[in-house]
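Subject: The structure, and what I found in it

Hello,

Here is the structure I promised to pass on. Please open it before you read further, and keep it on screen as you go.

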Amino acid sequence: MTFLNYFLENYNKIFRLSLQHFWLFIISLIIAIIVGVILSIIATEEGREKIGKVIISITGAAQAVPSIAVIALVFIYVGIGAAPAIISLIIYSLVPIVFNATSGILSVPKNIIEAGKGMGFTCNQILWKIKIPIAIPVIMGGIRSASTIIIGTTVVASVIGGGGLGDLIFIGLKLNKPEALFAGAFCSALMAIIVDTILARVEKTITPKGLKARK
Amino acid sequence: MIELINVTKRFGEKVAVNNLSLNIEKGKLTMLIGPSGCGKTTTMRMINRLTPYNKGDIKLNGVSINKIDPVKLRRSIGYVIQEIGLFPHFTVYDNIATVPRLLKWDEKKIRKRVEELLDIVTLDFNFAYKYPLQLSGGERQRVGLARSLGADPEVLLMDEPFGAIDPINRLRLQDSFLEIQEEIKKTIVFVTHDINEAIKLGDKIVIIKDGNLVQYDDAAEILANPANKFVENLLGQDRSIKALSLKKTKDFILKNNLITVSNEETEKEIIKKLQEKKAKIAFVLDKYHKLIGRYWLEKSKKNEQVEINFDDSPIFTERNNTLNETLSTMLESGEKLLPVVNRKKIFMGTIKLNDIFEEVNK
Amino acid sequence: MEISFMEFLGYYQGIILKELLRHLEIIAISIPISLIVSIPLGFYISPRPKLAKFVIYITSILMTIPSLALFGFMVILLAPFNLGLGMVPAIIAIALYSLLPITRNTYIALNQVPQGMIEAAKGMGMSSKQILWKIKIPLSIPVIMAGIRNAIVLGVSVATFASLVAAGGLGFFIFAGIGRSNLKMVLVGAILVSALGIGVNYFLLTVEDWVTPKGLKIKR
């Protein structure tokens, strides 16, 4: 089993690349979540209905752009290395996060917001105590989606010197070394599945109980 | 208490409320009624500044509401809308505690208040930890009402709160609501499009058409003297029968000459009691005085012997049912005598068909 | 010699066209393969919730795997059959990826036909088969089409990797361009691939609209 041998012999390298991959993922995800949620909050403020709808259309359409295109464009204008990789990861994952957060917040039933306003909630209170908690399932869906996308795109970003497990895959493809290819593919797939499973748990935990309740 | 002075509201070209002047009295249930689009909801929403007015002024206790911070104003006024808008992610307890928490009451006080309010709307305390999605329509309505009373506001604004309920439950809710208002005596502005509801519930009725005030008076006065053809049409052709609904069952309750027994007594004892008093019907009450059953004597067809029968869910009427609602119940059930209960099912007395007929004849 | 972007396009238009067709070819082969498997699968699991849960779980794991990684697995698996190079790995990778969107959407679509409607149809004397063909399927088409559209757009993305195993496709411009530090080439590739993705998505949205029964589109 040359595949297993490869793992055992190159254990260090594989581990280092996995860690690198994970850092790229986490940094990009956190920045994308912060920026994305802030953008969505701004886009969904009262009286800005039109802007919210436009943003949903744009991000909806943008989801059809392949990740490699964003990486390529960033490469052209920024160059190679970890920084351009992270930039392209953030740009690309902003799309599902903003799409989901914006549509999630806009889909909170109007009568609930009306009741809150009539009862004397301030705009901020309505946002944080009503809109966001109710929109959490949709927002979390966007975050989960973004995570899977980031891990996958990080693999491709190695082509512009981003590092990570994609290096193994590209080496495997270029130099015809299936063991390296397998190692890279396997580890990145495993990471993606584990992260997604964890996020599914998180989603379940932070979804307000009342939304899951049924008679 | 609430004065509307020459209030006008325009949406673009359309005038929704036209120079409306109105004085809403403290402690009274004032109904705003009119056809769809007449401006009644807009008028109500101007009171808590959800809709700003273009001209004129609205004063609460002598102070113009434009001078009060809108958020503070809304926290001092209860607000109930048709869809209620309960927060699905809050428990019933948290929903009711919303305004008290906004006002930073301490948790002990809030707990007491939630218990009080759940009791007033006749919901058992274990509802407190349920979620809105687990409740039926009627239960949601009651939580909505409790929520609006959370911080004990002086004023309640209600926009067709019973509109989305089925007719049977709506009647029950209306009766409970009337009883609650007897206890809490709030100043209520209630929007409805149902004239029967307006007559049954309202101390005062405001009739609005195309943004203009058409008539503002007691229900009895409007029924007796409608201001114009429009009001006549609104009231409908059966005005005299509608006038019956101005009278409530509670004013015709008989408390003497009736037999009540507890659920401890045996049938023998009950038969003896009935025969002593020469009566045919006895109502069974539990230790809280709640109505739980009915015994009646009947001559058996077989052997001319007197038999005693028991019904564990007797037909009843509520004290706030209008006379014609009680009349309907009697006609449907074929009973000439009905027990009267309050919203907590506590026995109040009985009412006789003959007494209703006498009232109609007057 | 520096040439302008437009001149570049003109000069290479033959190759551009060729790779574009290649790209579409890959998708055109893989999607029908996927449809043959995923739609019947969707139908099969629709009355079987436990099985459905399992199937959807497996296919969603497939979709979680990074596309390049899945592509890599295919290369490895097919190498012993001498199919490790060329279009086949891309075709199979796209087919596997499309399983989730199409199967899951088919399952959801068939199950969300209101129970009341089916009751009414039964009461009127429609047979199960008729209910399936006259009611369930027409009402499910919009959602199924959305799944197919999703799959095709994914296909555009995955097919860009085909150039890494000498199968052509628009990815050629990007990867070769990066390798040669030819920025114009990369730009052409990036723009073409984005345009293809957005264009295909938009086109399929129109098809989806065309295929949706008129009665479902009425906006009050």
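How far apart do the C-alpha centres of domain 1 of chain B and domain 2 of chain B lie? They lie 36 Å apart. Keep in mind that this is a predicted model.

**Chain B and its domains**

Here are the bounds. The domain assignment of chain B puts domain 1 at residues 2-243 and domain 2 at residues 250-361. The two domains of chain B do touch: 8 residues of domain 1 are in contact with 9 residues of domain 2. Look at helix α7 of chain B, residues 167-184. This helix gives 5 residues, the largest share of the domain 1 side of that contact. By class, the domain 1 side has 3 nonpolar, 2 polar and 3 charged residues.

**How the chains meet**

Which chains have the most contacts between them? The answer is chains A and C, among the 2 pairs of chains that touch. Chain B and chain C do not touch. Their nearest C-alpha atoms are 19 Å apart.

Take chains A and C now. In this contact, 32 residues of chain C meet 32 residues of chain A. On the chain C side, five elements each supply at least two residues: α3 (49-64), α4 (67-78), α7 (128-158), α8 (171-180) and α9 (183-211). Helix α9(C) gives the most, with 10 residues. The chain C side holds 22 nonpolar and 10 polar residues. Charged residues are absent from the chain C side.

Then turn to chains A and B. Here 22 residues come from chain B and 20 residues from chain A. On the chain B side, α2 (70-75) and α4 (98-102) are the elements that give two or more residues. That side of chain B divides into 13 nonpolar, 6 polar and 3 charged residues.

**Chains A and C, one by one**

Both chains are quick to describe. Chain A has 10 helices and 0 strands. Its C-alpha atoms fill a box of roughly 70 × 45 × 25 Å along the principal axes. Chain C has 9 helices and 0 strands. The C-alpha atoms of chain C fill a box of roughly 75 × 45 × 20 Å, again along the principal axes.

Now find helix α7 of chain A, residues 123-157. What would a straight helix of 35 residues span? At 1.5 Å a residue, the span would be 51 Å. Helix α7(A) spans only 41 Å between its end C-alpha atoms. Where does α7(A) bend? The bend is at A:I136 and comes to about 60°. A proline, A:P137, follows within four residues.

**Its partner helix**

Helix α2 of chain A, residues 11-43, packs with α7(A) at an angle of about 145°. The two axes are 10 Å apart. The crossing is right-handed. From α2(A), the residues in contact include A:H21, A:L24, A:F25 and A:S28. From α7(A), they include A:I143, A:A146, A:S147 and A:I150. By class, this contact has 11 nonpolar and 4 polar residues, with no charged ones.

**Where to start**

Begin with the bend at A:I136 in α7(A). Then follow α2(A) across α7(A). Finish at the contact of chain C with chain A, where α9(C) gives 10 residues to the chain C side.

Best wishes

Note on methods: Residues numbered from 1 in each chain as written. Chains lettered and ligands numbered in written order. Predicted model: local features only at pLDDT ≥ 70, side-chain atom pairs only at ≥ 80, totals over all residues. Contact = placed C-beta atoms within 7 Å. Nonpolar A, V, L, I, M, F, W, Y, C, P; charged D, E, K, R; others polar. Expected span 1.5 Å × (residues − 1). Bend = angle between axes of the 7 residues up to and from the residue. Domains from an automatic or database assignment. Axes fitted to C-alpha atoms, helices over the stretch in contact; angles between N-to-C directions. Left-handed = near helix turned anticlockwise from the far one by under 90°.
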